[in-house]
There are 2 protein chains.
Amino acid sequence: MTREDGSKSAGQATKHGALARRFRQRIRSGALKPDQALPSEPKIARDLGVSRNTIRQAMRDLEHEGLIYRVQGKGTFVRARGSVRRTVALVLHDIAYTTHPFTSAMIRGLGEALENGGYSLDILPCGRDEDRANLSGLAKSYDGFLLGSASMDKQTVARLIAEELPFVFVKNYLPDLKINAVLLDYVQAGRLAAEHLIGLGNRQIGLIYAGEATAISRDFRLGVETACTAHGLTLAPENIHDAGLSVNAIQEIIPSVHDVTGLIIMDDELAVTAIQALAAAGKTVPRDMSVVGCNDMLIASMSSPKLTTVRLPVTELGRQAASRLMALIEQPSLPSDNTMLEPELVVRESTARPRKASAQRGNRQG
Amino acid sequence: MTREDGSKSAGQATKHGALARRFRQRIRSGALKPDQALPSEPKIARDLGVSRNTIRQAMRDLEHEGLIYRVQGKGTFVRARGSVRRTVALVLHDIAYTTHPFTSAMIRGLGEALENGGYSLDILPCGRDEDRANLSGLAKSYDGFLLGSASMDKQTVARLIAEELPFVFVKNYLPDLKINAVLLDYVQAGRLAAEHLIGLGNRQIGLIYAGEATAISRDFRLGVETACTAHGLTLAPENIHDAGLSVNAIQEIIPSVHDVTGLIIMDDELAVTAIQALAAAGKTVPRDMSVVGCNDMLIASMSSPKLTTVRLPVTELGRQAASRLMALIEQPSLPSDNTMLEPELVVRESTARPRKASAQRGNRQG
DNA sequence: GCGGATCGCTCCCTACGGGCT
DNA sequence: CAGCCCGTAGGGAGCGATCCG
């Protein structure tokens, strides 16, 4: 431990450390400019009274850090910052999340913005402790990090901060850390979905969401409950179900949904699956039950009936997060900032006035 | 150029290179086991008659490669291979491809198999020359590579071979390289799609595919043409369209599709989009036109009408490719092998007998 | 608990070679 | 060509860490 730290932060203990530190500062500050030659090894040796061997060790370290390059017969030069394509990493809980349409849409936005900025994007998992431990090791390989995992822990973030590595939270966030984040307003998304159903006359509302594990899922539930309370309704605990992101879970949950005329499902794919499961159980959407999805993925407009959903600007989320990270990389002193993107209700065919309610209230014909 | 190659592949030119090579082999072969101590620097110096300085340089290189670790006062030791979680990289043309449902399904299979094997998966882009150049630099970071990009070039592959890095082609391949690959039989996929339409009585068939740029797209067209020829039909050039993977391209292509009763589209999303575009132009599928997709993604069974398509075992492709790569990593001497996975026709609602044809032939009522 | 042996780490010196200008 | 550059290779001295008797 002590040793490793010593040899890394060095800078004073050893002569080569001090030398490396000296040149590192001069390069970072801009005193030495890209492709400018450093003094030759023999010259430094004479000037500073150190052996050439020591100088070579310092130079070797700087070369490994990517700060300089050496050409036999010519000299040692400062590496141009842009000579290596800059790369940022998107860190997900599990690489399998790329599979989800939401993540796909986000990556589309990220890739687009980063491409325009001349950056490359790699995707890394961080669900396992080893992966996260490895992350700071990979730090040298990346110019910045997009943190898209709900399983990101404070220690890892603290390490990123300690090493002064730029990062931006995308979609997920750590509740008690006020740091760079580009987020979606899931409270508002839940509220919009619930208010739409309530506005149609639904008094019994059910919720299928991703559970209490992630902040955004909690936010969504909070939004639904807030809307219900505001209209004098209660979201009964037995009408709240945790499906995670699993299509299979939906199949198990649907049969246990009773006494509900409106169902809010936090994911379009799950919502479409739910509609099919309801159909299999003899219930037609929206005649017997209204269903509202969330995200407005492609499938929402392709399914039958077309899904009423809450559109979240996912691709825009990616774009803004990427822009924010690039700004941070190019100007590390930027103040921390949180951005919240707002959702929008998209009414299609999967929601309608509940039959009993409309009969009781309007007593309309048909 | 010459220099870089020299210093990298070294091994014979310089003494420290030869030394490093010597120990690299002994470690890789298992002659030196994890956490086993290497001979001490002075001992190697005496035994081999080289200076300690030279030995230290070789050890430095090995340490940077992660093969050994050194502890002052104790000695130099072989690093346990399993101490760092093994990681493989999926190399795609562009990170945006993760966005495509096909890639998602493949990643699902890859992730599943790798997870079971105790591996992590990173996703890297390689579309730009800089990215590919960087790839061999990243070689040290990864235990193997899954090559999923059609833009993979021979030089890059040659470099991987030269550095003895395990790799497996997934889905895409380089026509003249007989190397490890797990592939889908796109010739057969095209043939199945065409034969289904022909079997229904369609005589005028159109094809929308991803162009001539990639081997699999060419294979698909070949399959369609083969089936047509076998049944005495010709696939007219004006009925072959290149849409890439672009939903927008479909919108432009559909209006120019004439005199065709059956349309084969190499991607389900594009096929569903095409059906909507046809509807907008007043043509109903399958009454006025039969449409066959390819891949059997989720959307194929969710759309209306449900899409007849050719199911390709994409997730299985991922699983097998991952297994193959893990086997190669653990036993580099495995002989090269190609695996081809076969498609299957899934008939749903988007295909039917053409009206004219059925009228002409059966002259049925209605 | 302490001293000696051993280890890797730092630092110095010299010399030769091959590439660049 | 000479003169400079970095790369390689050799020599040696002393230090701090580790281990063992």
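DNA strand C is surrounded by 25 residues in this predicted model, with Lys15(A), Ser51(A), Thr54(A), Glu41(B) and Gln72(B) the closest. Of the atoms of DNA strand C that come within 4 Å of the protein, 66% belong to sugar and phosphate. DNA strand D is likewise surrounded by 25 residues, and chain B superposes on chain A by a rotation of 179 degrees.

**DNA strand C**

- His16(A) has a side-chain N or O atom 3.0 Å from a phosphate oxygen of DNA strand C.
- Thr76(B) places a polar side-chain atom 3.2 Å from a phosphate oxygen of DNA strand C.
- Two or more residues each come from α2 (15-29) and α4 of chain A, and from α3 (41-48), α4, β1 (68-71) and β2 of chain B.
- The most residues on this surface, four, come from α4(A).
- By class, the surface near DNA strand C holds 14 polar, eight charged and three nonpolar residues.

**Thr76(B)**

- Thr76(B) belongs to strand β2 of chain B, which covers residues 75-78.
- Its relative accessibility is 9%, so Thr76(B) counts as buried, the cut-off being under 20% with protein chains only considered.
- Beyond its neighbours within four places in sequence, Thr76(B) contacts Gln36(B), Ala37(B), Leu38(B), Met59(B), Ile68(B), Tyr69(B) and Arg70(B).

**DNA strand D**

- The closest residues to DNA strand D are Ser40(A), Arg56(A), Lys15(B), His16(B) and Thr54(B).
- Sugar and phosphate make up 72% of the atoms of DNA strand D that come within 4 Å of the protein.
- Phosphate oxygens of DNA strand D lie 3.3 Å from a polar side-chain atom of Arg70(A) and 3.3 Å from one of Lys74(B).
- Gln72(A) has a polar side-chain atom 3.5 Å from a base oxygen of DNA strand D.
- The surface near DNA strand D is made up of 15 polar, seven charged and three nonpolar residues.

**Relation of the two chains**

- Superposing chain B on chain A takes a 179 degree rotation with a shift of 0.4 Å along the axis, at an RMSD of 1.3 Å.
- This is the relation of a two-fold axis.
- Ile123(B) has the C-alpha nearest the axis in chain B, at 2.1 Å.
- The copies meet through the same surface, because 100% of the interface residues of chain B are also interface residues in chain A.

**Salt bridges**

- There are 29 salt bridges over all chains.
- Side chains of opposite charge can pair when their charged atoms come close.
- Lys43(A) and Asp47(A) form a salt bridge with an N to O distance of 2.9 Å; both residues lie in helix α3 of chain A, four residues apart, about one turn of the helix.
- Lys43(A) is partly exposed, at 38% relative accessibility.
- Arg319(B) pairs with Glu112(B), their closest N and O atoms being 3.0 Å apart.
- This pair links distant parts of the chain, helix α13 (314-330) and helix α5 (101-117) of chain B, across 207 residues.
- Arg319(B) also forms a salt bridge with Glu316(B), again with closest N and O atoms 3.0 Å apart; these two residues are three apart in helix α13, so about one helical turn separates them.
- Salt bridges with shared partners join Glu41(A), Arg52(A), Arg56(A), Glu63(A) and Arg70(A) into one network.

Notes
Residues numbered from 1 in each chain as written. Chains lettered and ligands numbered in written order. Predicted model: local features only at pLDDT ≥ 70, side-chain atom pairs only at ≥ 80, totals over all residues. Heavy atoms only, no water. Least-squares fit on C-alpha atoms with pLDDT ≥ 70 in both. Contact = heavy atoms within 4.5 Å. Buried < 20%, exposed > 50% of the residue type's maximum accessible area, 1.4 Å probe, protein only. Near = heavy atom within 4 Å. Polar contact = N/O pair within 3.5 Å; in protein donor to acceptor, adjacent residues only side chain to side chain. Nonpolar A, V, L, I, M, F, W, Y, C, P; charged D, E, K, R; others polar. Salt bridge = Lys/Arg side-chain N within 4 Å of Asp/Glu carboxyl O.
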